[in-house]
Amino acid sequence: MNSVNSAAAASKVTTSKSRRRAPIDKAGYLFIAPGYLVYFAFIFIPLLVGLYYSFTNYNFYSTPAFVGFDNYVRLFHDKLFGTAVYNTFIYSLFSIFPQMALGLLLAVLLNGKLRGRLFARVSVYIPNVTSMVAVSMIWLWIYDPSLGILNRVLKTFGLAPVQWLYDPSTAMAAIIMMGIWKSIGYTMIVYLSGLQSIPASLYEAAHMDGATKVRQFFAITIPMLKPTTFFILVMSCINSFMVFEQVNILTNGGPLNKTTTIVHQIYLRGFQDFQMGYASAMAMVLFVITLLITLLNFRLGNKGNDTDVD
């Protein structure tokens, strides 16, 4: 018996040593190297360069001179940048949650056995892969005060036409509606993948217990989609803070700066005023805001890992 125990102990020691001495799989590092090279070339290095320029007065035409925190001091006294931050938060708040709710609703509807569901899925998803410039031009026509289809519909119901993009009270709402319409397809597809990963046995057991479809939706579907919802929320927050093309094309930040956003201000200061140092400081502030919101989502969402089913 002692010999058996000794052999077992020796085997464990040998196994432990072999694990510690396991050779490094160099092939794995070679496979992931291209991804890291792209990351360093197009994300990490530009981030460091932008951080450096944010402490200079770089303007394209002269050698950058170090100015310390002058750009950041100016930034926090810039009322226009404060307006851009406020507008960006408003856009994010009123676009993310409707987009997620409508995307989930469409995913649930198109996950069933309906005729033409493939066509419907493709139709909803197409705007997401369409160029933002093309989409903006289409909605520029939709919002046209005299020829736009939206005002024609209002006229049909006896309502007065609306200056969608020229009225400070409706301009941001118009941009938000377009953003929701374009992004809802992506949300739907991600939710569809989440719905199809939920075990059917859960619904069968709930049905046998007499649970209605509504009860199943709130007791099974919503909890089981928590990881998916968390992923969509994080990605939507990041994307909403990068809003630029539709603002630049539809309103150029107007009217009365009601639709200007952080990225729009970065573009104006950097590529129209050629104040690249100041624009870099704005970009660093945007990076910090996005990072903090992402970390907050991870903390509040608990990383979405508490609904796993074995």
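Modeller: A salt bridge is a side-chain nitrogen of Lys or Arg within 4 Å of a carboxyl oxygen of Asp or Glu. A search of the whole of this predicted structure finds one. Because the model is predicted, local features need pLDDT of at least 70 and side-chain atom pairs count only at pLDDT 80 or more, whereas totals for chains, interfaces and linings use all residues. Residues are numbered from 1 along each chain as its sequence is written, and side-chain values use heavy atoms, with hydrogens and water left out.

Biologist: Why is the pair Asp 273 and Arg 269 called a salt bridge?

Modeller: The N to O distance between the two side chains is 2.7 Å. The limit is 4 Å, so the pair qualifies.

Biologist: What makes Arg 269 buried and Asp 273 partly exposed?

Modeller: Buried means under 20% relative accessible area, exposed over 50%, and partly exposed in between (1.4 Å probe, protein chains only). Arg 269 has 14% and is therefore buried. Asp 273 has 35%, so the term partly exposed applies.

Biologist: How do you know that Ser 280 is buried, and which residues is Ser 280 in contact with?

Modeller: The relative accessible area of Ser 280 is 9%, so this residue is buried. Contact means heavy atoms within 4.5 Å; leaving aside neighbours within four places in sequence, Ser 280 is in contact with Gly 50, Tyr 53 and Ser 54. Ser 280 is found in helix α14, residues 276-301.

Biologist: What secondary structure does the protein have?

Modeller: It comes to 14 helices and zero strands. Helices (H or I, at least four residues) and strands (E, at least two) are DSSP runs, numbered from the N terminus.

Biologist: What makes a set of residues a nonpolar core?

Modeller: The set must consist of buried Ala, Val, Leu, Ile, Met, Phe, Trp, Tyr and Cys residues joined through side-chain atoms within 4.5 Å. In the largest such core, of 38 residues, Phe 81, Tyr 191 and Ile 262 touch the most other members. Helix α14 supplies the largest share of this core, nine residues. A second, separate core has 18 residues, including Leu 154 and Trp 164.

Biologist: Which residues have pLDDT under 50?

Modeller: On this scale, the predictor's confidence in each residue from 0 to 100, residues 306-310 stay under 50. Where pLDDT is low, the predicted coordinates should not be read in detail. The protein averages 87, and 89% of the residues score at least 70.
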